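Take a look at the structure below.

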Amino acid sequence: MNEKNEKALATFRSLLMEKKYMAIRNMAMEMNVSDAAEIMEQMEDEDMLKMFRVLSKDVAADVFSQLDDESQQYIITSLSEAEAGIVIDNLYADDAADLLEEMPANVVKKLLAHAQPETRNDINHLLKYPDDSAGSIMTVEFADLKADMTVAQAIERIRKIGMDSETVNVCYVLDATRKLLGTVALRYLILNEPEKKIGDFMHEDVVACNTDADQEHVAQIFKKYDFTALPVVDHEARMVGIITVDDIMDIMEQETTEDIDKMNAIIPSDKPYLKTSVFETFKKRFPWLLLLMVSATFTGAIISHFEDALSRFVVLTAYIPMLMDTGGNAGSQSSTEVVRALSLEEVTFADFPRIIWKELRTGLMCGIALSACMLLKCVFFDQIAMSVAWVVSLTVVCTVFFSKVISAILVMGVAKMKLDPAVVASPVLTTVIDALSLMIYFTIATALLHI
């Protein structure tokens, strides 16, 4: 929280203690709704609820949509059913659907019973779509026009429905069956003559997505075309809603957080770090830690198998951690870049040969450079026998080379199987590369040292 909001928080707390509710209402109306939401989240639950009750309906709905899930659920369950119904009515349908999706079925039923019929229909419409689909994140409030309307008629319609629409920057031209014919930006309506027909200058080459489209694919469309809003159509090409850029920003943050969690062997969670209980954090981390601990016994078995070699050349033991870490780091670099390229749709499985060819060359160049550095270190700083130095340096070359190639192959293979490659990127890869590094190390040592 910035200094300005910290001062505002102190002021609100003081006004709440003094019960100066009109002053709170007036102060909140002058603030940005995101700042007001951030301040409310820092309050005690009772104070947050008091402040929310003081706000006007329109401001309350805007602030409510910016609150985190926990605060939203506390407020909505603390209000009377009639009050909660009013809040639901004043939210955009996609925000209301997101809220109700996280709540118990009996609470949802009561809340919808007190909402307006139109609101109830819109929310039920959104709740039927699969999670993470375009249909589940769209809003049904948008500005629609007809091709035979004049500019004057279109502007008059926007005046009537604009306050209830998510955005009017872009309006959508539909036919009698709600098929999407084109789009018209608000600035073109303002700049054209009042009597001109919408169909004469609308943009007909429209990019849209289907209700079943994955939300990550939708995010890629926004990135490619720099959209602020994207129309959503059903299987019969009828327009049913729009997705706005603010929703996509939330989706991109959510997807990135999930990938980071998976790449670090953590089961993803929807809750912020500080609002996740210790037990929930334990449940997220323990399964992967257990799996990695058990899988790490393979590396222990390899070391035990070559115990005689280590007893004759104890100096080999000192380089085991370095070789395993170097292999792991090399593999992580490749897997992370390939996973990211896949998520951004920069590459597909058709690019598999090019990816492997690139990693082959990169692995060889990195391996040779690192090997040269390690050879110099072994000879001049560690002052070990030249034969052992060659074992270590050759192992570095092979480990880095194979780690990069195998990482790319694993990630692409998992992606081809329609699984999440982020799962492979770190936890599974670590075990594979650790075992590989040791096998290479002891194989080279056995051959060169005649153990």
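## A loop residue: A237

A237 sits in the loop that runs between β5 and β6 (239-244). This is a predicted model. The phi angle of A237 is near 65 degrees. That is a positive value, in a residue other than glycine.

How accessible is A237? Its relative accessibility is 39%. A237 therefore counts as partly exposed, since that class lies between the buried cut-off of under 20% and the exposed cut-off of over 50%.

## Another positive phi: D226

D226 is found in the loop between α15 and β5 (229-233). Its phi is near 55 degrees. Here too the value is positive and the residue is other than glycine.

D226 has a relative accessible area of 66%. D226 is therefore exposed, because the cut-off for that class is over 50%.

## The second largest pocket

The second largest pocket holds about 670 Å³ of space. Its lining is made by 25 residues. Which of them lie nearest the centre? They are E216, L342, S343, L419 and P421.

## What lines the pocket

The lining of the second largest pocket can also be sorted by class. Charged residues number 11. Nonpolar residues number nine. Polar residues number five.

Conventions
Residues are numbered from 1 along each chain as its sequence is written. This is a predicted model: local features need pLDDT of at least 70, side-chain atom pairs count only at pLDDT 80 or more; totals for chains, interfaces and linings use all residues. Side-chain values use heavy atoms; hydrogens and water are left out. On a 1 Å grid over the protein atoms alone, a cavity is a set of points where a 1.4 Å probe fits but cannot get out, and a pocket is an open set with protein on both sides within 12 Å along at least five of seven lines; lining residues have an atom within 4 Å of a point. Grid points are joined across faces, edges and corners, and a volume is the space filled by probe spheres set on the points. Ala, Val, Leu, Ile, Met, Phe, Trp, Tyr, Cys and Pro count as nonpolar, Asp, Glu, Lys and Arg as charged, and the others, Gly among them, as polar. Helices (H or I, at least four residues) and strands (E, at least two) are DSSP runs, numbered from the N terminus. Buried means under 20% relative accessible area, exposed over 50%, partly exposed in between (1.4 Å probe, protein chains only).
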